[in-house]
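Good morning, and thank you for coming. I would like to take you through one structure and the ligand it holds. Please look at the display first.

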Amino acid sequence: MATPIGESAIGVIRVSGPDAIATVAPLLRTSTPLADFASHALRRVRVIDPKSGELLDDALCAVMRAPRSSTGEDVVELSCHGSPAVLRLITLWIVASGARLATPGEFTRRAFLNGRLDLAQAEAVALLISARTDRAVALAARALAGGLSDQVRGVWAALVDLIAGLEVVLDFPEEQVGQDCVTARATVARLRDDVQRWLTSARHGRVVHDGLTLALVGPPNAGKSSLLNVMLGHDRAIVSPLAGTTRDVVEGTLVLNGVPVRLLDTAGIDVARDAVEAEGIRRSRRAMEESDLLLVVLDGSIPPASRLLEETASRARVLVRAKSDLPVHREAAALSDAVPASTVTAGGLEALRERLQHEVERRAAAAGDEGGVIASLRQIALLEALHTALVASDAALVNAPLEAALVDLREALAHAGAILGVDVGDAILDRIFSTFCLGK
Ligand SMILES: Nc1nc2c(ncn2[C@@H]2O[C@H](COP(=O)(O)OP(=O)(O)OP(=O)(O)O)[C@@H](O)[C@H]2O)c(=O)[nH]1
Ligand SMILES: [Mg+2]
């Protein structure tokens, strides 16, 4: 089943493999035999119980013949009515007819093994499916179209040429042929800079895809929960004049500049009056630790909590002077970088939003825009290793025997190959495709 289980307009069942057509045929009542269906055309079919001949569903069916299918094998796709019971029955019949259930990601894995996609594109499929914002979709779609693959394939080809050229120099040292070291260094330097740029862009791309976590922290009663509610646009957290209202961490999600931002409203940090408050404060500190950015909220009508200001000084933070509709306390007014905001008059909220957008953009910059790159964590680790190997080969070309430089260049080649899926072992493929959903 390629669509999630649940009542819906349609549910899709995909069958792939050399026997796909023969396996599905006994379940369908059609005017032309399934084996004679034109490839890549939808036809209306009746799905029947192959034993009793009883009608089960009225569906659309497409046959996509190898090698021009998503998996590169014969594929039969049935678009049935989206009843979980109907879909389960039809799937069971197809299995009884000789198929087996696909493992997660198996369709994409077969597409990769049959050369329909390279590994970087296959991973982009998972990124596209899990994209949560328009910006994350744009990045993943570009990767699926071969964005990162094309770039890395260029590096791979350049390394193959370079290594081949330098091998010639090694084999025929007196012959002045092959690649000389100066040109080799220039090429390695160019590749190194390219990879460095993609790496930076890919790290930004992860921010766009995964989003950021932002914790609202501050003393009790500062107005943190009120701020969370206005930012989310609904009454998510309880607000009250009693200090110590919030105990558990309250979560909500906001999209800023196309980046999902997870907001964590926390218990006010102060000397705990009882065990429950102490636990709440412990949770606040844990939320602070797992956040990329802190929104430090201080009640501007009273002296600022200096302990909390010190505690958060080394962290990425935005200071908010809350309750700006009330008379400002002299010491609070001295916090020149704090954004004044009031949830009562809505004053300053727009400026606060702009400030947060600016902070988000700093972390997501260059991604989602022209030339942006998105990569899986595996690919980012390989890009890092590729960069390190290129830096090492550059150094070796200056002050080490040519053999040493070749060792580093071959290592770089192996990393570039691993991004594309050239010579990667089954264990790595198992890991990659196990994160996919069923039917994909
Ligand atoms: N005048 C004024 N009062 C506010 C403003 N924002 C919040 N308050 C009031 O301040 C009190 C505390 O607000 P909360 O949002 O619950 O504060 P908190 O920081 O979440 O408090 P704890 O959860 O107890 O740590 C409530 O009575 C709010 O109505 C504001 O901008 N102006
Ligand atoms: Mg609160």
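I begin with a contact: an oxygen atom of ligand 1 is 3.1 Å from a polar backbone atom of A222. A polar contact here is a pair of N or O atoms within 3.5 Å. This is a predicted model, in which local features need pLDDT of at least 70 and side-chain atom pairs count only at pLDDT 80 or more, while totals for chains, interfaces and linings use all residues. Residues are numbered from 1 along each chain as its sequence is written, chains are lettered from A and ligands numbered from 1 in the order in which they are written, and side-chain values use heavy atoms, without hydrogens and water.

Two further contacts involve oxygen atoms of the ligand: a polar side-chain atom of S226 lies at 2.5 Å, and a polar backbone atom of T343 at 2.8 Å. Of the 650 Å² that ligand 1 exposes when taken alone, the protein buries 87%; these are Shrake-Rupley areas with a 1.4 Å probe.

Which residues are the closest to ligand 1? They are K224, S226, G244, T245 and D325, among 22 residues that surround ligand 1, each with a heavy atom within 4 Å. By class, this shell has eight nonpolar, 11 polar and three charged residues, with Gly counted as polar and Asp, Glu, Lys and Arg as charged.

Finally, the wider layout. An automatic or database assignment divides the protein into domain 1 (8-101), domain 2 (118-210 + 349-440) and domain 3 (223-269 + 276-344). The centres of domain 1 and domain 2, taken over C-alpha atoms, are 40 Å apart.

How values were computed: A polar contact is a pair of N or O atoms within 3.5 Å; within protein, one must be able to donate a hydrogen and the other to accept it, and residues adjacent in sequence count only if both atoms are side-chain atoms.
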